[in-house]
Amino acid sequence: MAARLDFDGLDAIVHDLGKMNELLNSTMIDDALEEAITPAYETAKKTAPKDKKGHRGKYGEGHMADHIPLILVRDNGFRSIEYGWEKSDNSDYYYAKFVEWGTSNENYPKQPFLYKSLSKNKVKCFNIFSERIRKELGL
């Protein structure tokens, strides 16, 4: 007597996996990441502290809220999207990192508008990304 286990529908699974591989090798994920981060990015721009006169510098003028960097990161198959300034930033808006993280001088406490914007919109960003990927995969 023999036992037998059959699988039906493997062709559909292979087809779906092929679609996922196609998706990973395209710009669809990049586009989905950019769309998904929009609510948090826009909130950061609205809630960033602003002085009355703005900033004049070597590369332009305006408020730091108008110049928040948005960077797509690709590293060995890993993809993410970031907004804000790095510790090593030396651009005209380098001071934004002091606004976000504060300084050792008690007269300049942290005002974490970037972190708060992401915390406030995390679920919305995730839902936008998930929905976009589902749509692209036809699920």
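This is a predicted model: local features need pLDDT of at least 70, side-chain atom pairs count only at pLDDT 80 or more; totals for chains, interfaces and linings use all residues.
Residues are numbered from 1 along each chain as its sequence is written, and side-chain values use heavy atoms, with hydrogens and water left out.

**Aromatic pairs**
- The structure holds 3 aromatic pairs (rings of Phe, Tyr and Trp, the last by its six-membered ring, with centres within 6.5 Å; planes under 30 degrees apart are stacked, over 60 edge-to-face, the rest tilted).
- One of them joins Tyr-41 and Tyr-83 edge-to-face, at 5.9 Å centre to centre and 85° between the planes.
- Tyr-41 sits in helix α2 (residues 28–47) and Tyr-83 in strand β4 (residues 78–83), so this pair ties together parts 42 residues apart in sequence (helices, H or I, at least four residues, and strands, E, at least two, are DSSP runs numbered from the N terminus).
- Tyr-41 is buried at 13% relative accessible area, and Tyr-83 is buried at 13% too (buried is under 20%, exposed over 50%, partly exposed in between, with a 1.4 Å probe and protein chains only).

**Around Tyr-94**
- Tyr-94 and Phe-98 also pair edge-to-face, at 6.2 Å centre to centre and 85° between the planes.
- Tyr-94 is partly exposed at 40%, and Phe-98 is partly exposed at 39%.
- Together with Tyr-95, Tyr-94 and Phe-98 form one aromatic cluster.

**On helix α1**
- Leu-17 belongs to helix α1 (residues 10–24) and is partly exposed, at 49% relative accessibility.
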